[in-house]
Amino acid sequence: MAALAERQRAAHLAEIERTLGDPVLQQTIRTRQDNRRCLQRQAAAELPDWQAWKEAVADLRSHTLAHLDAYLGEFADNLERRGGQIFFAADAAEACDYVVRLAHAKEASLIVKAKSMLSEEICLNPALAAAGVQAIETDLGEFIIQLAHERPFHILGPASHKTLEQICELFRELTPEYLPPEPQALAAFARRYLREKFLSAEIGITGCNFAVASEGAIVLITNEGNGRLCSALPPTHVVLMGIERLVPDLSGLEPLLTVLPRSANGLRATTYTQIISGPRRSDREDGPRELHVVVVDNGRSRILGTTYRPILHCIRCGACLDNCPVYRNIGGHAYGAVYSGPIGAVLTPLLEGLDLYAHLPFASTLCGACDDVCSARIPLTDLLLDLRRDVVAQRLSGRGWELGMRGFAEITRHPDLWRAAVRLARLALKPWVREGFIRRGLGPLRRWTAGRDFPAVPPKSFRALWRRDAYTS
Amino acid sequence: MERRAFVKRIRDELAGGDPDEPTCEPTTAFAPATPYSGRSAEGLQTVFLARQEELGVMATVAATRRQAQTAVGQLLDERDWHLVCSPGISWPGIEERRTEHIAAADFGLVEARWAIAESGTIVVDTADGERRATSLLPPAVGFTLPRSGLVARLGDLLRQLVQNRGPLPACITMITGPSASADIAGVRTLGVHGPGEVHVWIIENE
C-alpha cells in the first residue's frame, strides 16, 4: 500500500511539473477559468438574494442527507410503482457487474452514454470493454477524452484542456473526409458520427443530477441534448445514481435548478432539463421500454457517519474548480482521480482512501475562494484542514516530514532558538539559493522542494528591520 | 446488495454520525422575491420574448391559432422544408409534408403547454403521447405556446405540476434555447446533438 501511495504522489508531482511546463496548456486553463468565472458572476448578480438561494440549497441538502435512509426507501417504492427497476450497488464492482449482466441479457453490442462522473468513478467503460461491449461517450467533451484515452480535466468540461487543433486531430482519425479546424464544422461532424450510434444502440446510460423521492423521478440536465438522446432512443435506459443525489419532492428542485446552472455555466437554465419517471407509458409515445436505476454507494455511506458529511452536499457545479488558484496552475489531471479541484482534494481521499491520496489535502492554499462560490456552501477549506489533521494523526506524512514539522513547531515556541536557527539556516542554505529560492533541497528539504520552492532566508529578518526602522523614525 | 441491507447500512452510519449536526427542515417556506413575480401575462410575455432573443430563438406573437398556422406554413415554404414530424398536429400545410420517420425530418413541430418567462424555457411532456424525438432529432424545431401557459419562474411550474396531481407523465422536458456546447475549445457551437435552430409562436388568444 505504501508503495502504491508513493506512486500516486509521484504521479501527482510529475503531472504538476508537466502542466506547469506547458505554456499552451497554462494559457488554455486560464482563459477557460476566466470565461466561466465571468459568466457565473454575471448570472449570480442578476438574481436577488443569491446567498439566500445557496443557503436554501445547503439546508435542503443537509436535511435530505440526515434522512437519507427514509428518502431512499421512498424513492425506490415510487420508482417501482412507475414501472422502473432499481438495483442497489454497494461498490463499484457490484454496479459494473449489474450493467454488464444487463448488457449481456439484452445482447447489446453498443451502448451510448451521456456524461456521468459516477461512471468514471466506478470505471464502467473498462468493465464493459472487458465484457466485449462497446460503450461510446456522447457528451462532446467526454467523447473527445475517450478518443484521447484521458481522464476528465474538469467536472463540467472534461476536455476543456484541449485546443482546437488537438481536437481536430483526434476527430480526423475517425474519418477519411477532410475536417477543417473550425469548432462548428467539428461539432457538425460529431453530430453525424454519433447520431448513427444513438439510432443503433441497444442501451443508453446516463447519470442522474437529482432523484425526486416523492415521485420516483430522475432529473437529468444537459446542454447538448445527448442526455435526451440516450434516455429516449435506446430500448433500455440505465441511470447511474449516487446515493446522495436525492431530493425530497418536486419543490426541492426549485433552489437546486436555480443555483446549479448559474454556478456551473452562468446560465439561467441548462438547455435541457428532463424529469423522467418510469419507462414509456403507452404505445403512442416513444422512450425506453425499460428503465433501470443503479443506486451506487461506493464509499459514500461511510462518509455519512463522519464530520465530512457536508462534502456529500455537493451538486457538481464545478464552481470551486473555476475559482481555485491551485487548479488554475496545476490543472485537473494532477489530482490523479476523477474529481479534481477543491472538491476532488476532499472527496477523492474520502472515497478512495486517505492512505493513497494523503497528498491531495495539501494541494490547496486554503485561500477560501472555493468556500465563497460553493453552491451548497460546503466549508471546503475546513474539510481540507481536517483531512490534513487526519493525515498527521494516521502518520501518513512520512517520518522525516513529521519530525521536521515537530522540530519546526518546537523552534517557533522559543524565541532564542528561533533566532539562532534563522542565523544558522541563512548561512547553511546559502550555497543552494538561486534567485531567492531553494528549488532542489537536500535531506529533509528534498520532499518539500519536490513540489514547491523553499524561500531563502532573507538577509535581514523582520525583527532586524523593525528594530532599524523603529530607531530611524 | 439486497435493498434492506443497503438502506440499513446508511441508517447505521447516520446514527453513528455527529450528534451536533443540525437537522434542518426542508425549506418549503423559502419564497425568494424574483424580479418577475406578480407580472401580468403581457409582462411575462415581454420577458419571455427578450430571453428568446438572447438565446438566439426566433419567437413571434400570433393573435390566434390560425395566424400561427399561417406563420408556420410561411416558414416551411421559405426554408423549403419538405419533411415535417408533428404527431397530433394536423394543420393545413403540415399534412402534405408529414413524415413518420423523425430522424429524417427537416423540422419538428410541437405544441407546448407551459413556458417559464424568467429563463425563457419551453416545457413539453409526454402526457398526450407526444414523442420525445420530435423536439430532439430534427435540425430545426418549432413550438406553439398559449400565452396563458406562461409562468414567472421555475417554482411556479413545479407548483402547477404538484397541483395537477395524478402521476407525472413519463418524461417532462424543459427546453431553453438551441442545443449548445462549449466543449470544442470553449467556443459556443449550436446543434451538437439536439436542434440548432428553434422557433416559437406565442398564441395570444387561446
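Within chain A, 73% of the contacts with a separation of 6 or more join residues 24 or more positions apart, two residues being in contact if their C-beta atoms, placed from the backbone, lie within 7 Å. This is a predicted model, in which local features need pLDDT of at least 70 and side-chain atom pairs count only at pLDDT 80 or more, whereas totals for chains, interfaces and linings use all residues. Residues are numbered from 1 along each chain as its sequence is written, while chains are lettered from A and ligands numbered from 1 in the order in which they are written.

Of the 473 residues of chain A, 50% count as buried, that is, with 20 or more other C-beta atoms, placed from the backbone, within 10 Å of their own.

Helix 4 of chain A, residues 68-81, spans 20 Å between its first and last C-alpha, close to the expected 20 Å, which is 1.5 Å times one less than its number of residues; helices are DSSP runs of H or I with at least four residues, and strands are runs of E with at least two, numbered from the N terminus. Among the buried residues of helix 4 are Y71(A), F75(A) and N78(A), and just after this helix G83(A) takes a positive phi of about 95°.

An open sheet of mixed pairing is formed by 8 strands in the order 8(A)-5(A)-6(A)-9(A)-8(B)-5(B)-4(B)-7(B), where two strands pair if DSSP finds at least two bridges between them. Strand 8 of chain A and strand 7 of chain B stand at the edges, each with a single partner strand, so one side of each is left without a neighbour in the sheet. Strand 9 of chain A runs antiparallel to strand 8 of chain B and is joined to it by 5 bridges, with Y272(A) standing opposite I175(B).

Technical notes: Buried ≥ 20, exposed ≤ 12 C-beta atoms within 10 Å, placed from the backbone.
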